[in-house]
Amino acid sequence: MEMVTQVLATTSEISLKGGNRKWFERTLTGNVKQALEDLPVDRISRPAWRVLITFAEEVPFSEVARRLGTVFGIGAMMAVEHVGHTIEDVQDFLGPRLEKLEAASFAVRCTRSDKLFPMTSPEVERSVGGFVHETTGWPVDLSRPHRTIHLLIDDKGILVWMHRVPGPGGLPVGVSGRAVCMLSGGIDSPVAAYLMMKRGMRADLVHFHSVPRTDPASLEKVEDLARVLARYQGACRLVMVPLLPIQEQIAARCPASLRVLLYRRFMVRLADRWARRARTEALVTGESLGQVASQTIENLRAVEAATSLPVLRPLIALDKQEIITIARRIGTYEISILPHFDCCSFLLPDRPATRSTAQELDRAEEALDVGALIAAAVDASEIRHIDDPAPWNEIPLPEGAVS
C-alpha cells in the first residue's frame with residue numbers, strides 16, 4: 001500500500017473559465033475539504049490550475065484517491081514528492097528509486113511555472129532523461145512510454161511523480177444551480193443524478209412509491225442509493241411521495257394503454273411542486289430514448305407538457321450497457337439490482353401506448369380531479385434528510401488508484 005504525505009490534483013474544465021474562475025476554484029477547494037474531512041489534512045493550497053494537499057502524517061494514497069474520485073472538477077490525482085530546487089536534487093531523489101523499478105521504455109515530462117528557473121522545460125526533460133537512461137538502460141519512447149516521470153517546477157521547488165490516477169472531471173458541485181431529480185430504485189435514475197452533479201448541479205431527490213401494494217423495503221433501498229449519491233454532492237433531501245391513490249384512480253377511470261404515461265405525468269407534476277417549493281431550477285429524469293415504450297420521443301414530449309420547468313435527461317442518448325458501466329463505477333449498481341417493484345410496474349397495461357400527445361393525455365385526465373390528487377399526495381409525502389452518506393468503503397476506488 002503506497003503511503004503519501006502530499007497529493008497533487010489537477011483541475012479539468014475550471015482552467016478554461018474566465019473572470020469567475022476564482023469562484024469555481026474556491027468551490028472546488030471547499031468540496032475537497034469536505035471529502036477529506038476524516039483524514040489528517042495539514043493544508044490545502046492552490047498552485048496554478050492545481051490543488052496541492054499536504055497531510056500531517058502518512059496516509060494511504062488509495063484512500064485519498066477514493067475520496068477525491070467523488071469530487072467533480074478534479075481531472076487527475078497524483079502522489080507527489082517535493083525533492084528540492086535543483087536538477088541535482090531530482091537526480092538524488094530518483095537514483096535509489098529507479099533501481100527498484102522496471103520499464104520497457106520511459107519518458108520525462110516537465111511543466112515549469114517558475115520562469116526564473118535557469119533551464120527550460122525541454123532542457124530539464126533532456127537532462128533528467130539522460131540521467132535515467134544512464135542509470136537504468138531504459139530506452140526512451142516519447143510517444144507511448146511504459147513509464148513516465150513527471151516534474152513540476154514552481155517557486156516552491158520541484159515536485160516529482162510517476163503515477164497518475166484519472167479524476168471524475170466535470171465542474172464542482174454547487175456552481176450550476178439546483179434541480180429535483182426523480183429517483184427510482186432502478187439503475188438509470190441514480191446515474192442521471194450523478195451526471196448532473198458532475199455538471200456542477202446539486203440535486204434534491206424525489207421518489208414515488210406504491211406502498212403498501214409494493215414492498216416497503218423498496219423505500220430503504222432508495223435511501224441507500226441516496227446515501228451513495230450524497231458522497232458526490234454532500235447532504236441532500238429525499239422526498240418520498242405516495243403514488244398509489246393516484247394510480248388506483250387512473251386504473252379505474254382512464255384508458256389502460258395510457259396508464260404509464262398518466263402515472264409519469266403526475267410524477268412530473270409532483271416533482272414540479274417540490275421543485276418550486278425548494279426554489280430549484282429544473283427537473284432531472286433517468287429516461288433514455290426508446291429504452292421502454294413510455295420513452296419514445298412522442299411520449300416524452302406528451303409527459304413533459306405537464307410542467308413548465310426544464311426537464312433534463314442526461315441519459316437520453318446512452319444505451320443500457322453504458323448506463324450500467326457508470327453505475328458500477330460510482331457504486332450504485334449493486335444496490336439498484338436488488339429485487340423490488342417500483343411504482344411504474346404496478347397496474348401495467350398489456351399494450352402501452354408508444355405514441356401519444358399532450359392533448360390525448362389531457363382528455364384522459366378529464367375523468368380525474370388532478371388538483372385534489374396532487375394536493376393529497378403532497379400532504380402525505382415524507383421528507384428524509386440524508387445527512388449520513390454511505391461509508392467510504394462502499395464507494396469504488398478510481399481505476400488505477402492502487403498501483
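**Close-up views of helix packing, a pocket and a cavity**

**View 1. Helix α7 against helix α8.** Ile246, Gln247, Ile250 and Ala251 in α7 meet Arg259, Leu262, Tyr263, Phe266 and Leu270 in α8 (contact: heavy atoms within 4.5 Å). The model is predicted; local features need pLDDT of at least 70, side-chain atom pairs count only at pLDDT 80 or more, and totals for chains, interfaces and linings use all residues. Residues are numbered from 1 along each chain as its sequence is written, and side-chain values use heavy atoms, with hydrogens and water left out. Helix α7 spans residues 244–253 and helix α8 residues 259–277 (helices are DSSP runs of H or I, at least four residues; strands are runs of E, at least two; both are numbered from the N terminus). Their axes come within 10 Å and cross at roughly 145 degrees (axes are lines fitted to C-alpha atoms, for helices over the stretch in contact; angles run from 0 to 180 degrees between N-to-C directions). The contact of α7 with α8 holds seven nonpolar residues, one polar and one charged (nonpolar: Ala, Val, Leu, Ile, Met, Phe, Trp, Tyr, Cys and Pro; charged: Asp, Glu, Lys and Arg; polar: the others, Gly among them).

**View 2. Helix α3 beside helix α4.** Helix α3 (residues 87–98) packs on helix α4 (residues 121–136) at about 30 degrees, with the axes 11 Å apart. α3 is therefore roughly parallel to α4 (roughly parallel: angles under 35 degrees). On α3, the contact uses Ile87, Val90, Gln91, Leu94, Gly95 and Leu98. On α4, it uses Val124, Ser127, Val128, Phe131, Val132, Thr135 and Thr136. Eight of these residues are nonpolar, five are polar and none is charged.

**View 3. The second largest pocket.** Its volume is about 530 Å³ (a pocket is an open set of points on a 1 Å grid over the protein atoms alone, with protein on both sides within 12 Å along at least five of seven lines; lining residues have an atom within 4 Å of a point; volume is the space filled by probe spheres set on the points, which are joined across faces, edges and corners). Of its 19 lining residues, Glu2, Ala79, Glu81, Arg97 and Met162 are closest to the centre. Strand β1 gives the most to the lining, with four residues. The lining has nine nonpolar, four polar and six charged residues.

**View 4. The largest cavity.** The volume of this cavity is about 40 Å³ (a cavity is a set of grid points where a 1.4 Å probe fits but cannot get out). Met182, Arg264, Val268, Thr285, Glu287, Val303, Glu304, Val311 and Arg313 line the cavity. Four are nonpolar, one is polar and four are charged.

Methods:
Angles under 35 degrees count as roughly parallel, over 145 as roughly antiparallel, 65 to 115 as roughly perpendicular and the rest as oblique.
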